[in-house]
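Please read them with the structure open.

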Amino acid sequence: MATAGKVIKCKAAVAWEAGKPLSIEEVEVAPPQAMEVRVKILYTALCHTDVYFWEAKEEPLFHQFVGHLLRRAYIVESVGEGVTELVPGDHVLPVFTGECKDCAHCKSEESNLCDLLRINVDRGVMIGDGQSRFTINGKPIFHFVGTSTFSEYTVIHVGCLAKINPEAPLDKVCVLSCGISTGLGATLNVAKPKKGSTVAIFGLGAVGLAAMEGARMAGASRIIGVDLNPAKYEQAKKFGCTDFVNPKDHTKPVQEVLVEMTNGGVDRAVECTGHIDAMIAAFECVHDGWGVAVLVGVPHKEAVFKTYPMNFLNERTLKGTFFGNYKPRTDLPEVVEMYMRKELELEKFITHSVPFSQINTAFDLMLKGEGLRCIMRMDQ
């Protein structure tokens with residue numbers, strides 16, 4: 001492309017201060033260096049991780065692009081030295097965690113926790129030379145978790161880009177870059193419910209509903225949604241929910257309610273809230289002998305999981321997962337193909353669409369808990 005090797009000026013949303021509206025600025029995006037790719041962004045959005053750090057519930061680097069992972073669609077503009085598997089014009093999905101394909105984790109069939117490119121919210125610069133590819137009037141602007149997607153162009157390590165089918169509609173498959181794949185994979189790759197099984201999903205936000213979509217795809221005969229908000233039941237029905245339990249409606253622990261409902265416990269449970277009580281309940285509601293519980297939500301770092309050892313001795317299994325156990329470069333292209341084959345339904349996750357210039361409206365929607373995914377169109 002004509003811009004290859006040159007600095008590109010474009011629009012980006014920058015967080016100058018915690019909790020304050022993002023500002024649309026003109027930024028300079030430097031060419032990619034070794035093992036890096038510069039991409040043009042067509043669609044982007046945000047997830048709760050963006051909001052979490054924007055509110056400074058953890059101490060992020062400011063001044064930075066907040067957007068990181070959830071749904072974005074890119075076209076390769078240019079590649080740096082050493083990049084051989086991507087060329088200008090390729091369609092890619094960026095992911096906040098990567099796959100170098102060389103470390104022990106990447107070579108293992110059981111792990112997606114890449115040693116080199118695992119998520120890092122503190123780095124703020126490119127891993128190769130420790131420098132940012134973004135500036136405003138010559139002043140460096142920090143990256144965020146390796147993707148920085150609230151910009152018309154960005155630079156990403158090649159290991160964090162999954163090459164996908166160019167026929168796939170980017171305004172749909174862009175939701176697969178984070179939470180949707182996380183929930184889907186938690187069910188399909190980790191819980192692995194058998195056809196006809198009973199599955200409980202704790203937390204019916206976007207990640208929980210993606211886990212529910214996985215249960216539907218796996219052929220579960222009974223899918224029980226557990227949430228404190230009764231209004232979520234109607235929406236959950238679109239994802240296969242057959243029963244709904246609100247813990248506030250019962251005087252006994254919700255795990256006891258579920259055990260009674262299912263004649264001994266559910267076959268699989270997927271927890272997507274990050275609340276320690278929900279995590280314990282998810283484990284304690286699975287059936288002895290074969291029940292499997294999977295933890296997806298991220299708890300407070302000081303939270304402690306407490307249960308009776310006999311729950312394990314009675315052959316219940318507890319597992320954790322990161323990004324649904326998907327290896328980004330290896331596995332995401334096949335998830336896209338699930339959508340192309342009409343096995344995976346993505347449209348029902350997309351509840352809003354706004355132009356990029358209205359990015360703060362997207363933040364307001366998420367803060368209010370309205371909708372699931374709001375697509376931002378970068379060309380508007």
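1. Helix α7 (residues 254–261) and helix α8 (residues 276–284) have axes that come within 8 Å and cross at roughly 25 degrees. Axes are lines fitted to C-alpha atoms, for helices over the stretch in contact, with angles from 0 to 180 degrees between N-to-C directions. Helices (H or I, at least four residues) and strands (E, at least two) are DSSP runs, numbered from the N terminus.

2. The model is predicted: local features need pLDDT of at least 70, side-chain atom pairs count only at pLDDT 80 or more, and totals for chains, interfaces and linings use all residues. Residues are numbered from 1 along each chain as its sequence is written, and side-chain values use heavy atoms, leaving out hydrogens and water.

3. α7 and α8 are therefore roughly parallel to each other (angles under 35 degrees count as such). Across the contact (heavy atoms within 4.5 Å), Val-254, Gln-255 and Val-259 of α7 meet Ile-280, Ala-281 and Glu-284 of α8. By class, that contact has four nonpolar residues, one polar and one charged; Ala, Val, Leu, Ile, Met, Phe, Trp, Tyr, Cys and Pro count as nonpolar, Asp, Glu, Lys and Arg as charged, and the others, Gly among them, as polar.

4. An open sheet is formed by four strands in the order β1-β2-β6-β7, with antiparallel pairing (two strands pair if DSSP finds at least two bridges between them). Its edge strands, β1 (8–14) and β7 (139–141), each pair on one side only. From one strand to the next, the twist averages 50 degrees.

5. β1 and strand β2 (residues 23–29) run antiparallel and are joined by seven bridges. Lys-9 stands opposite Glu-28 in β2.

How values were computed: Parallel < 35°, antiparallel > 145°, perpendicular 65-115°, else oblique.
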